Amino acid sequence: MAEIPELDIDALLGDEGKHVIACCGSGGVGKTTTAAALALRAAEVHGRRTVVLTIDPARRLAQSLGMEALGNVPKAVEAVRGGSLDAMMLDMKRTFDEVVASHTTPERAAEIFANPFYQAVSSTFSGTQEYMAMEKLGQLRATGQWDLIVLDTPPSRSALDFLDAPARLARLLDGRVIRLLSASTPGARRSMLSLMGASAAVFTRVFNKVLGGHLLTDVAEFTASLEDTFGGFRKRAEATFRALQDDQTSFLVIAAPEPAAVGEAVYFTRRLTEERMPLDGMILNRLTPVAADLTAERALGAAAALEESDADDPVAAVLRTHADLARRRAAEERVAARYAAACPEVPQRRLPSLGVEVVDLDDLRAFGAVAAGA
Amino acid sequence: MTASAFPVPRLHIVTGKGGTGKTSVAAALALALAGTGRRVLLVEVEGRQGIAPLFEAPSLGYEERHLAAGLDGGEVFGQSVDADEALLDYLTMFYRLGSAGKVLQKFGAIDFATTIAPGLRDILLTGKLKEAASRTESGRMAYDAVVLDAPPTGRVVKFLNVTVESGRLAKTGPIGKHSRSVARMLHSSLTAVHVVTTPAAMPVQETVDAYKELMAADLPVGQLVLNKVAGAKAVEVDAAQIRAGLERAGLHPDDALVSGLVEEYAAARAEIESVDAYRDRLEQLGRPVAELPLLPEGVDLSGLYQLARVLRPGIIGGRRNG
């Protein structure tokens, strides 16, 4: 089998042409930790002015990065040695409010904020978080305040949501169904209704029953108040999406050596390639560390030999522990090999499980050093 | 069958942080519940197709399909429930839509309705579960138990708390009535929410948080499952003994091999101790804690049966008589 190209983390972090690094992957693969560790290393080792945008960090990691205070703006992380590191946690609802406010008059904005449908979409719609992460990324980038933005993507059902959800939200907000709805609600333009004919009538009748008449009215009012800002909405989402395709951006796919996580990584890699997004590598976290160079079979054979004369030979227990580790590692390598087979051209970096929870800057520093092979 | 003071859960909801193995645990639980003559339905709702590969089966669809034989001759069926199909199903049932339903679907209206009202999505999905758990076929229950591979801990309470989410939907009419009856079942002792974790800080913390959230929402917590527990026999041993032992076994050890084994064994011992601490933390919550071994080769079909056998005694206690 061909050699898998090795991902050079330090070359990537130190590349002055790169301004965005987006870490993607399914839930539970160490995405947030990886993003934070890479950002810290970019600041400390490469002296870059860096900001890390996280979505849903574990509480203790958030504490050590000083991200507990809300505000929806980056704050400097203290005790960073060299360069500078800012960190922020995305406040999805607040970001949405800011987008609305920046596109319309204060009176209109107040109307929109009070609308129950807006409240539902801005706080619970499953694509909103991804859309707002894109929006925030665009905002941070526009300030020119940082050399490098490291983005941790939302904990989606699937890593693909990050690419699809913004378009889905945009489609929802100016799709034909929403136009039809606003048209078939009293007081709206009748012409739309006649265009759609009978299906519109069925639609309105059934959904008024299922969803409740008030919801359709809310939607209609919402679209009416947003009418003048729709264009802006969509344009912004498209601009941010396109910005992700330029070579100042770098995507990293993060995975763990489990079939589901590796499967997601393969799908995501294909999608990134199709969308012509610049994918620079894959980081495989959490491999079982094996320190002794001895096959599982030989270890088990030796353990059995020792147990023949003493069933409780302590060295046999040590050998069996090693055999378990070696078998785990081998199984993980087999899973990881699926990625290498499906995406042979993508550089990889394989990292052992650290065995401890990463909670403070020292832990992040250590993780970053291991990742960079330093 | 006699009525008992503590009804046996029929609906098992399995949640957990991403990466803890909740899908495998849900599958193993379904096998364990499928004792002699029993029928169990294993459901997923997020379209991830996580169940089918575990059973080496083709992708699951909206139709219930036979998946595997249970532990003692029962049967496990599988299904992937999709909100759009569930809504169409629902509309057809209550409004006799006929072909108009298809038109609505083609038009994007079904997708739209489930999108603008996220609560509706959850009601439709949990509603399908309730329907499967209470359906009768020729005089007996169609399924003795329904097991759901549920959304992860971060989203599960919102997913199950349909009454709260449905506040924005129509309160009268079939959907309101429907959501209230689904909520009644989810909050009753016919349901058990099992939380899966691995012996690691973040998943255990999320489990504790999820437990509190579930209790606050008055949802019945079943077992806490400590998954992927690595085993190692606890012995006292030093480098010199290891070197001597390896020589006795004819391995001709060098320094690197001995120090490597010392390092690995020390880490394994530390891991066992940390597992004890995590188990204590979970037991403090006052719910039964089931423990599943880490399978060195990963979870395949035979591994699922192995896990099912470990889970079995915990659920036999709650098995109905007769």
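Biologist: Which strands does helix α1 of chain B lie across, and at what angle does it run to β7(B)?

Modeller: Helix α1 (residues 22-33) of chain B lies across β1, β2 (39-44), β3, β4 (75-80), β7 (145-149), β8, β9 and β10 of chain B, and runs at about 170 degrees to β7(B). Helices (H or I, at least four residues) and strands (E, at least two) are DSSP runs, numbered from the N terminus. Helix α10 of chain B packs on the sheet as well, touching β1, β8 and β9 of chain B, and its direction makes about 160 degrees with that of β8(B). This is a predicted model, in which local features need pLDDT of at least 70 and side-chain atom pairs count only at pLDDT 80 or more, while totals for chains, interfaces and linings use all residues. Residues are numbered from 1 along each chain as its sequence is written, and chains are lettered from A and ligands numbered from 1 in the order in which they are written.

Biologist: How do you know which strands of chain B stand at the edges of the sheet?

Modeller: Eight strands form an open sheet in the order β3-β4-β2-β7-β1-β8-β9-β10 (chain B), with mixed pairing. The edge strands are β3 (65-69) and β10 (289-293) of chain B, each of which pairs on one side only. Neighbouring strands are turned by 25 degrees against each other on average, direction ignored.

Biologist: What makes β1 and β8 of chain B a pair?

Modeller: Two strands pair if DSSP finds at least two bridges between them. Strand β1 (residues 11-16) and strand β8 (residues 191-197) of chain B share six bridges in the parallel sense, and therefore they count as a pair.

Biologist: Why are α10(B) and α12(B) called roughly parallel?

Modeller: The axes of α10 (residues 201-216) and α12 (residues 255-283) of chain B come within 10 Å and cross at roughly 5 degrees. Axes are lines fitted to C-alpha atoms, for helices over the stretch in contact, and angles run from 0 to 180 degrees between N-to-C directions. Angles under 35 degrees count as roughly parallel, over 145 as roughly antiparallel, 65 to 115 as roughly perpendicular and the rest as oblique, so α10(B) is roughly parallel to α12(B). In this contact (C-beta atoms, placed from the backbone, within 7 Å), B:Val204, B:Thr207 and B:Val208 meet B:Tyr278, B:Arg281 and B:Leu282. These residues divide into four nonpolar, one polar and one charged; Ala, Val, Leu, Ile, Met, Phe, Trp, Tyr, Cys and Pro count as nonpolar, Asp, Glu, Lys and Arg as charged, and the others, Gly among them, as polar.

Biologist: What makes B:Asp218 exposed?

Modeller: A residue is buried if 20 or more other C-beta atoms lie within 10 Å of its own, exposed if 12 or fewer, and partly exposed in between. B:Asp218 has 9 such neighbours inside 10 Å, so it counts as exposed. B:Asp218 is found in the loop between α10 and β9 (221-229) of chain B, and its phi is positive, about 65 degrees, although it is not a glycine.

Biologist: Turning to chain A, how do you know that β5(A) is mostly covered?

Modeller: Five of the five residues of β5(A) are buried. A:Leu148, A:Val150 and A:Asp152 lie on one side, and A:Ile149 and A:Leu151 on the other. In a regular strand the side chains alternate between the two faces of the sheet. β5(A) pairs in the parallel sense with β1(A) over four bridges, where A:Ile21 stands opposite A:Val150. β2(A) and β5(A) are also parallel, over four bridges, and A:Thr50 has A:Leu148 as its bridge partner.

Biologist: Which residues touch the most other members of the largest nonpolar core?

Modeller: A nonpolar core is a set of buried Ala, Val, Leu, Ile, Met, Phe, Trp, Tyr and Cys residues joined through C-beta atoms within 7 Å. In the largest one, of 79 residues, they are A:Ala39, A:Ile149, A:Leu151, A:Val253 and A:Ala255. Its largest share, eight residues, comes from α2(A). Another core, of 76 residues, lies apart from it and includes B:Leu31, B:Leu91, B:Val157 and B:Ile315.

Notes: Two residues are in contact if their C-beta atoms, placed from the backbone, lie within 7 Å.
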